[in-house]
Amino acid sequence: MSGPSEQPVPRQRSEQATRETPTVESPRPEVEHPADSARMPGVPRTQYTKMPTGPVSTEPLVASGPADTAGMPAVQWAPQDDVVVDDKSRLAPWALVAAIVALVASWFVGWGIPLAIIAVVAAIMSLRRPVESRSIAIWALVLGLAATMFSLGWLIWAAMQFEQIG
């Protein structure tokens, strides 16, 4: 029996002592070493093979190209010299005015529906244009739709009254 005083000897120390350091073998003679291969990191360079930059010529550089451009301008990538027309006409304010007039008219009669439809179409067109004010166009669209609903309400009420009379 083994008592508490007897402890096994650890084997780790004996295994570490028997380990050897790894050795690196040189390449065998059948392995080729290319002449332009990369050098090992940390090995100093013995000489430079090329200059980092070459001398710059001071002679003017003359561009040569085909003499015939077939009627095309010589520089085809340059922007055209056409005058850009700044579109100052705005559609959204006119759509808003038409929507307001159609809304006021739809409170009293139903015949403001053509103007309300024009306001809705103009508001949708102005929402699709990048130069228009979106807030004005949205107000014109909402008011134009409200005017259309009020006018339709008047026309439906008038049609029901006409059936009762006739």
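Analyst: Rings of Phe, Tyr and Trp, the last taken by its six-membered ring, are counted as a pair if their centres lie within 6.5 Å. In this predicted model, the structure holds 1 aromatic pair. The rings of Trp154 and Trp157 have centres 5.8 Å apart and planes at 90°. Planes over 60 degrees apart count as edge-to-face, and the pair is therefore edge-to-face.

Both residues belong to helix α4, where Trp154 and Trp157 are 3 residues apart and thus separated by about one helical turn. Trp154 is partly exposed, with a relative accessible area of 32%. Trp157 is likewise partly exposed, its relative accessible area being 46%.

Helix α4 covers residues 134-165, and helix α3 covers residues 113-127. The two pack at an angle of about 155°, with their axes 8 Å apart. Because of that angle, α3 is roughly antiparallel to α4. The crossing of α3 and α4 is left-handed.

On the α3 side, the contact is made by Ile113, Ala116, Ile117, Ala119, Val120, Ala123, Ile124, Ser126 and Leu127. The residues contributed by α4 include Arg134, Ala137, Ile138, Leu141, Gly144, Leu145, Thr148, Ser151, Leu152 and Leu155. Sorted by class, the contact of α3 with α4 has 16 nonpolar, 4 polar and 1 charged residues.

How values were computed
Residues are numbered from 1 along each chain as its sequence is written. This is a predicted model: local features need pLDDT of at least 70, side-chain atom pairs count only at pLDDT 80 or more; totals for chains, interfaces and linings use all residues. Side-chain values use heavy atoms; hydrogens and water are left out. Axes are lines fitted to C-alpha atoms, for helices over the stretch in contact, and angles run from 0 to 180 degrees between N-to-C directions. Helices (H or I, at least four residues) and strands (E, at least two) are DSSP runs, numbered from the N terminus. Angles under 35 degrees count as roughly parallel, over 145 as roughly antiparallel, 65 to 115 as roughly perpendicular and the rest as oblique. A crossing is left-handed if the near helix is turned anticlockwise from the far one by less than a right angle, and right-handed if clockwise. Contact means heavy atoms within 4.5 Å. Ala, Val, Leu, Ile, Met, Phe, Trp, Tyr, Cys and Pro count as nonpolar, Asp, Glu, Lys and Arg as charged, and the others, Gly among them, as polar. Rings of Phe, Tyr and Trp (its six-membered ring) pair if their centres lie within 6.5 Å; planes under 30 degrees apart count as stacked, over 60 as edge-to-face and the rest as tilted. Buried means under 20% relative accessible area, exposed over 50%, partly exposed in between (1.4 Å probe, protein chains only).
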